[in-house]
Amino acid sequence: MKTKLLGTLLLVGMIILTPGCGNGDSEQAPAATSNSSGNGGDTAAAIAAERELSPDDVRAALLTYQPSGRIDDYIMFASGGHAGQVFVIGMPSMRLLRSIAVFTPESWQGWGYGIGNDILADGNIEGRENLWGDTHHPALSETNGDYDGEWLFINDKAHARIAVIDLRDFETKQIVKNPIAINDHGGAVATPNTEWIIEGGQYATPLGWDYAPIDEYNDSYRGSVTFWKFDREKGRIDPDRSFAMELPPYWQDIFDAGKLVSDGWVFGNSFNTELATGGIEDGNAPFEAGASQRDADYMHIINLDKAAKVYEAGKFTKVKGFPVISLKTSIEEGLLFFAPEPKSPHGVDVAPKGEYIVVSGKLDPHVTIYSFEKMMQAIADKNWTHDQYGVPILDFDAVVEAQVEVGLGPLHTQFDNKGYAYTSLFLDTQVARWTLGGAYSDLHDEPDWSVAAKTSVHYNVGHIAAAEGDTVSPDGKYLVSLNKWSVDRFFTTGPLLPQNFQLLDIDKPGDKMQLLYDMPMGIGEPHYAQIIKADKLKPWKVYPEVGWDPHTQSVSPDAVKPGEERIERNGKNVDVYMSVVRSHFNPEHVEVNQGDHVTWHLTNVERALDATHGFAIPGYDINLSLEAGEHLTIEFDADLPGTFTFYCSEFCSALHLEMTGYLRVKPTEVAAAVTE
Amino acid sequence: MNQALNKIVGPRIHPDEWAAHRGRYLLPTALLVLAAVMLLVSIFLPFWHMQLNAPQYPGGLHVTGYVNRLAGDVAEIDSLNHYIGMRPLNEAAQFEKATAVMMITALSLLVLGAVFIHSKWAALLSIPAVLFPVGFLVDLHLWLSYFGNNLDPTAPLSSSIKPFTPPVLGTGKVGQFETIASAQSGLILAAVASLVILVALWRHRAAYKPLLDTQAQSGSGDNPQKKPEATD
């Protein structure tokens with residue numbers, strides 16, 4: 001099969017390189033005669049020639065094309081940036097499968113329009129609604145350092161919130177607001193068995209974001225990292241078993257969890273160790289300059305296992321009711337260490353076996369590889385100096401394993417199964433493949449710690465994601481470059497252009513990584529993505545039983561059985577029990593009085609795959625997506641009198657348009673006249 | 001009275017004859033027991049299956065009939081059938097489904113009973129079991145016909161679907177659906193049991209006819225001790 005495909009490829013390539021075959025005369029396309037029915041213009045070779053596709057183009061097409069009905073091998077979960085969602089993408093086809101609404105209302109899923117309103121409200125800040133989010137770093141749940149396909153976590157950089165998504169139904173189940181931080185960037189990250197979800201802060205504020213003048217920056221402003229306890233049984237973060245650590249007011253950036261040998265430790269990085277406070281309007285250096293003066297910032301090395309014990313021992317203070325281990329306690333207990341790192345880094349990425357930590361400083365052309373073993377030795381030897389807050393800074397030379405000059409603007413690193421690491425180069429707009437040493441040395445033919453290949457991407461790559469590329473067993477095969485700019489890659493859609501996801505073939509070792517596919521991302525600005533083997537996911541095809549409440553993941557006590565539809569009135573409270581099926585609602589008429597409080601229970605009693613119904617009430621800002629078996633309850637005050645036509649907003653059947661009904665809200669004066 | 005009973009039960013086998021031709025009498029007995037067991041086993045097996053193929057249902061919809069219940073995509077088929085005004089599938093054959101286990105058990109016991117009857121009455125006891133598979137299909141056909149021809153005239157698509165009877169076995173067509181009905185292991189087992197009974201009755205007759213003839217010659221049914229003549 002492989003040989004045959006290769007043969008076809010070579011022949012197709014040769015034919016394309018043969019001049020004058022544009023018309024696809026049959027004698028010029030012997031390779032394609034098998035699929036030609038006398039119409040030379042339809043042969044693969046002729047089409048390739050007519051469309052001016054090079055052999056590499058044809059190869060890329062053949063590697064990514066999925067015939068109708070063929071399911072992708074890998075699934076990518078990409079953040080949506082300030083669209084506040086998560087996107088699910090099939091690979092290698094790069095087809096967008098769906099979005100998952102998280103922090104931002106999304107009416108197709110009904111999210112915020114009757115579904116998930118309570119969950120969104122849990123993300124309120126001091127009682128204020130915040131109906132958008134800035135999702136950055138998705139984290140799949142892990143078992144023994146490998147993705148297990150059960151849960152997905154995502155942070156909201158704007159408001160320091162973490163959301164939990166259940167991968168049985170791909171729906172958001174929980175949003176937790178960090179009580180002490182107003183923004184985050186260091187998560188979400190899952191520990192190797194998903195005991196903890198790590199959320200590092202970003203821009204320093206007083207903890208709890210109370211007011212403090214900027215000239216008190218060094219003393220009053222602080223950074224933080226929060227460890228959220230995940231209760232896998234309940235499928236929820238348990239805030240009552242979670243805690244945070246106070247950090248110096250450096251701007252902490254992304255974190256990663258140690259694994260295998262470094263399990264129990266957490267690594268983060270930081271910028272603005274200059275403690276710059278900006279103020280361009282007053283003639284001060286702006287943040288971008290002030291925060292970039294020193295050659296080194298500090299990698300944060302945290303003993304999470306020990307920190308958890310310190311927390312359990314009660315050695316914490318409370319900020320806004322949330323347990324925080326103070327900087328002083330962290331230093332005394334030996335929970336926190338620093339190591340100098342190239343300045344203004346973003347990625348801090350733990351190698352598959354857990355023994356190396358790769359840091360890329362955006363303003364340094366190297367990636368710097370730290371040895372966990374050497375870190376532990378330096379800590380044992382107390383080979384350190386201290387920063388102004390008293391945190392031990394390990395000696396750089398004592399903990400570094402290697403440095404590799406990869407190019408300009410290194411940002412984020414992923415790994416494969418062939419002893420290579422991959423680093424995005426923002427300024428060079430390239431992806432670099434380089435070799436790891438140590439235990440990975442035998443997996444590749446090139447010298448250790450050297451660049452093996454570079455591929456240009458278009459343009460300005462931020463994060464990259466390789467198939468299971470941040471786990472203990474990366475798959476290799478595919479890498480996606482999450483490019484910030486698309487510039488000239490697509491039709492110009494006005495001044496706001498899509499992002500560009502580019503798929504790279506990293507299956508073969510050596511100096512070539514072919515660019516296979518450009519996927520425009522015109523519905524959000526993803527930052528990071530994780531890619532999981534599709535067969536690890538076990539999603540439900542329909543909800544397990546009719547009347548299923550997706551929030552409790554059990555049958556709702558209010559589930560409506562066919563034949564038991566009814567409207568119950570109790571004073572001013574009206575309960576509607578409605579069944580939903582192709583192609584009718586039952587009941588079809590609901591009449592209430594203005595001022596009634598309406599609780600509407602809806603059960604989609606369908607069992608067929610894809611038999612989703614919508615339920616929209618115009619004027620009341622309600623639109624639900626009721627998937628097969630799903631039960632939902634909505635409540636509203638019928639304060640707007642009139643005649644409202646509720647209808648199925650998801651095309652369901654041949655008689656979909658007929659799937660409608662009337663909500664009549666009797667004005668107070670009419671209702672009064674009737675009762676008199 | 002006793003004489004009538006003896007006539008029904010038929011002659012007993014003389015111990016000498018039993019010793020000489022054990023196999024001759026054991027064969028019909030074994031076949032009848034086998035058929036009874038097959039019938040009992042069939043209770044747990046699917047009897048009938050219908051697959052409904054339509055473009056939007058890759059893999060089709062399936063309903064499997066057991067003697068006492070329906071399994072498969074019944075809810076989905078009902079949900080579709082309401083468009084043409086067909087009654088829910090589970091409303092069909094309620095009496096048959098409720099009594100099937102009891103009835104089949106009774107059929108099996110009758111067949112087992114035939115083991116002890118050495119006269120023509122053995123055939124009478126076994127005939128219901130022989131006819132059972134055919135009866136099942138006839139009953140099913142009548143229900144399919146009743147359901148397909150008694151559609152609710154006010155149903156959404158009543159004007160576009162004419163009354164129809166899906167074939168009880170084989171392929172039919174209704175709307176965009178192709179129906180493929182087939183016999184399943186339980187029905188096949190019951191049909192094989194019928195054949196086994198027929199063979200058993202044939203061997204039964206061959207074995208006991210000489211005894212009966214002898215009995216008739218002796219002019220009395222109360223002398224089973226008389227040794228029959230050897231037939232071979």
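## Nonpolar cores and overall form

In the largest nonpolar core, which has 175 residues, A:M76, A:F153, A:I197, A:V480 and A:I531 touch the most other members. A nonpolar core is a set of buried Ala, Val, Leu, Ile, Met, Phe, Trp, Tyr and Cys residues joined through C-beta atoms within 7 Å; a residue is buried if 20 or more other C-beta atoms, placed from the backbone, lie within 10 Å of its own. Domain 2 (74-536) and domain 3 (548-675) of chain A each supply at least three residues to this core, with domain bounds taken from an automatic or database domain assignment. Another core, of 39 residues, lies apart from it and includes B:I84 and B:V130.

The model is predicted: local features need pLDDT of at least 70, side-chain atom pairs count only at pLDDT 80 or more, and totals for chains, interfaces and linings use all residues. Residues are numbered from 1 along each chain as its sequence is written, while chains are lettered from A and ligands numbered from 1 in the order in which they are written.

| Property of chain A | Value |
|---|---|
| Span of the C-alpha trace along its principal axes | about 90 × 80 × 50 Å |
| Buried share of the 676 residues | 50% |

A:L140 is buried, with 27 other C-beta atoms within 10 Å. The C-alpha atoms of A:L140 and A:E468 are 10.0 Å apart, although 328 residues separate them along the chain.

Terms used:
Buried ≥ 20, exposed ≤ 12 C-beta atoms within 10 Å, placed from the backbone.
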